[in-house]
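Thanks for making the time, everyone. I would like to walk you through one model this morning, going from domains to a single helix and then to the chain pairing.

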Amino acid sequence: MTGMYFKPFEKAEVRVLPSGLEIAVIRKPGFVRKYAVLATRFGSQITKMRFMGDREEYELPEGTAHFLEHKLFEREDGNMEEKFSELGATSNAFTSSDITGYLFCTDDKFIECLGLLFELVYKPAFSDIGVESEKEIIKQEIAMTRDDPDWMGYRTLLTLLYNRHPVALDPAGTVASVEEISAEVLYAAHDAFYGSDNMTLLVVGDVDAEDVFGMASVLESKYGSRKSEEVEITDVVEPRTVNITERVIRMDVARPIVWIGMKDDPGVFTSSAARRRMAASVLIETVFGPSSALNDELYTGGIIDDNLSYDEHYASDYGYLNLVAATDRKDELIGKVKEAMKAAATDGIDKESFDLALRRLTGGLLRSFDSEEFVAYEFLVDRFRGMDLMERPSILAGIKLEEVNEVARVVFEEGKISILTIEPVRNGRRA
Amino acid sequence: MRFFEDFKIMDGLSVHLWPTDKFRSVHLQVFLHNPLSDDTVTFNNLLSAVLTRGTAGYPETRQFNTRLDELYGAAVSYAVSRRGERGLLSLWAGMADIETDGMSPVRVLSGLLSSVMFDPARSAEGLLRQDYISQEKSGIANDMAALRDDKDAWADFRLCANMCKDEPYGIHPYGDDALLKSIGPEPLTSWWTGVMPGFPADIFAVGDFDMVEALEEIERAFKGRINGGSDPGPASCGMPSAKEASFITEGADTVQVKLAIGWRAPTNWADDNYPSHALANHIFGQYSQSRLFMNVREREGMAYSVGSRIEPTKGLVFAHAGIDAAKKDRAIEVVLAEQRALAAGNVTEKELNEAKKSMALGIRMSADSPAALCGREMTGIVNKRRFTPEEAVSRIFDVTAEEVAKAASSWSLDTVFALMPEDSKKGAKP
């Protein structure tokens, strides 16, 4: 890796306002689009909480965070999306397991849009009528995901990996849980999680950080900054081993799709999830990547006809890897993947593959920085999980082969692996 | 601002360069023009899949992929797409802006892409490798079958296939199954040596490079190998005269109904009336306050995903929605009523202005993505009229409410397609 030169990484300039709101600015000179996300540390994995002083736990139906995200746009006189549209900007929002984010992008109306973003997030106007009509839209969103093999594969795999951890819950909830949501539930969740001190505003684009800090400070107080209600979140204890090792579901797909999940130990990486995550990414690059022996054997052997796809997901209290491939020769695929995992766990990774993976990952990371969406989303997710996107290149450069081998020993162990197969429906029937 | 400097190397070979320090990666993309047909789509797909398996210098796929790792995860990919009746084969190489072995990225990428296209792995007899051909044939056959897995894309394809069954635009995105099965090393090698080099080419590069060096490197890598002499044919064939609209349903094992509706729009990217059609489509279904979004989703709560798009070369407008099976007829009614309302001139100043600003942002933002910008330029090149983003924006701002209504009223409904659950009572349960 000596002699590698690239332009220095962007720095995130961070400031915390007296209200507790954290603001981060990543400057992208020359970019047309200015992109801002106001995000709260609240996602689908919080389903129970206790307000301070209360004895009773408050239950949040599954899908509450996502429902709130939809309904926050509602206003008595229309919806907030319309106000962004009037400025020629686009707005959107997303919910994942531990984050809900509201965003806009604009070229020339940044300050106006920033005001609208605070108005959107700080000034809810939930109504029972609005909540009822939204249920139909969300049920169609759930129905749509039921027809999507990628989504069904990924979500089902998580339920196989995790016994108790709520990361396995579908962000949209279920048709039944969505029915339980009311305006009162949404207000309770907003009180608990939408205070300034629970949120981060991130701006990516050709902007001046000091200008953004100044504007945000004025606009935030205009729309009523406040602290979150103090709440306790119930922790879960997740076993080391997977919930279910194998399952088959049937969908209208052309041929079987195999998902393999690998569960890292909770707790072993609490000191530095960021470092553990980078080591895990090097591991899967070497074992499953396009230049790996396994990928080559599967591809040239006709067991797969596209490179394997794989990914790693880490937060402070969980971590897992996943692998997905379409194949007509499921048993051979699974057999060879297991052999490769066993070899990596037993013999370790060779130095040459390790060095190549570092080069590939470094270059890939640099390329990803050309996407403002990537920078915004990854920065926030990392931040909320105690990591820092901007440090990824330097963490990567410092990863040792031994750390990668240690991850291999843990995640490729028996009992840490779940396998899901989506089999084609036969005779037009789902099994 | 005009981003690209254009250089005509010879008839049928042009280079477009945008030196900029805005990005951390360098983007090199070769577009080859060809007439859209089962032959070109089938051969071009298979050929590109085989070419990207290995080069003479790195003939085994694992060696080739290892070489890409050494180049800091450089990537090579291809796409077979269409603009109206013009087929486009594009081969792309990109890498992080890092010097390798003293060579600039633009030099590395030019050499890499040229060796993929013109110096691939071959057998002792000089033919493209049989093992790669067999594997990629089976891969493409599987991709053809898997197109059905994505139900929205499938409904979209079935709409086009029905709507344009007598026009090249209706052909399958991966080409013809029977033809694919029949292709062996000899015909594919002949296509590679005899047909591909004759496709007229446009080569784009975006990144932090010196213009003179980039032009030299690209010329050295591609000149004499692309001869670009063959005529790619017209990009837009005549529109069939108005006929009765067709209503088609097909079955699938889905939870929702996937609705896809197509209209013929008498316009083309190069026409002076194109901005009014594009804006009409935007108001109809392409921005956050669009007619379809506000009525099908927000007012009726029938769909989560709903929208429309315009095909600018051939002049087609498509609407799509994923809806509750019980509400199919109502949804069709609402979509068609919204198009009629637009045609009747029911456009407010407010939505006209919002839609213009929304389109302007989308057009300007293409400059933040090399791939998006190159794609836009190609639409201009195919249709023989290029606009900078600012020119395109000012054309949109000139459109009046009357012109939007006139454009929408000229759309003729062609086909309504619904992909229906075979048994709407079931749902997939994990």
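How many residues of domain 1 of chain A are in contact with domain 2 of chain A? Before I answer, a word on conventions: this is a predicted model, in which local features need pLDDT of at least 70, side-chain atom pairs count only at pLDDT 80 or more, and totals for chains, interfaces and linings use all residues. Residues are numbered from 1 along each chain as its sequence is written, while chains are lettered from A and ligands numbered from 1 in the order in which they are written.

Chain A, then, is divided into domain 1, residues 12-233, and domain 2, residues 246-424, with bounds that come from an automatic or database domain assignment. The answer is that 26 residues of domain 1 of chain A are in contact with 25 residues of domain 2 of chain A, where contact requires C-beta atoms, placed from the backbone, to lie within 7 Å. On the domain 1 side, the elements giving two or more residues are strand 2 (22-27), strand 3 (34-40), helix 5 and strand 10 (199-205) of chain A; these are DSSP runs numbered from the N terminus, helices being H or I of at least four residues and strands E of at least two. Helix 5 of chain A gives the most to that side, with seven residues. By class, this side of domain 1 of chain A has 16 nonpolar, six polar and four charged residues, counting Ala, Val, Leu, Ile, Met, Phe, Trp, Tyr, Cys and Pro as nonpolar, Asp, Glu, Lys and Arg as charged, and the others, Gly among them, as polar. The C-alpha centres of the two domains of chain A lie 29 Å apart.

Let me turn to helix 11 of chain A, residues 330-347, whose 18 residues reach 26 Å from first C-alpha to last, close to the 26 Å expected at 1.5 Å a residue, that expectation being 1.5 Å times one less than the number of residues.

Thr346(A) counts as exposed because it has 11 C-beta neighbours inside 10 Å. Just after helix 11 of chain A, Gly348(A) takes a positive phi of about 80 degrees.

Finally, the chain pairing: 62 residues of chain A are in contact with 57 residues of chain B. Helix 12 of chain A supplies the largest share of the chain A side, nine residues, and by class that side has 23 nonpolar, 17 polar and 22 charged residues.

As for chain B, its secondary structure comes to 15 helices and 11 strands, and 54% of its 430 residues count as buried.

Terms used. Two residues are in contact if their C-beta atoms, placed from the backbone, lie within 7 Å. A residue is buried if 20 or more other C-beta atoms lie within 10 Å of its own, exposed if 12 or fewer, and partly exposed in between; C-beta atoms are placed from the backbone.
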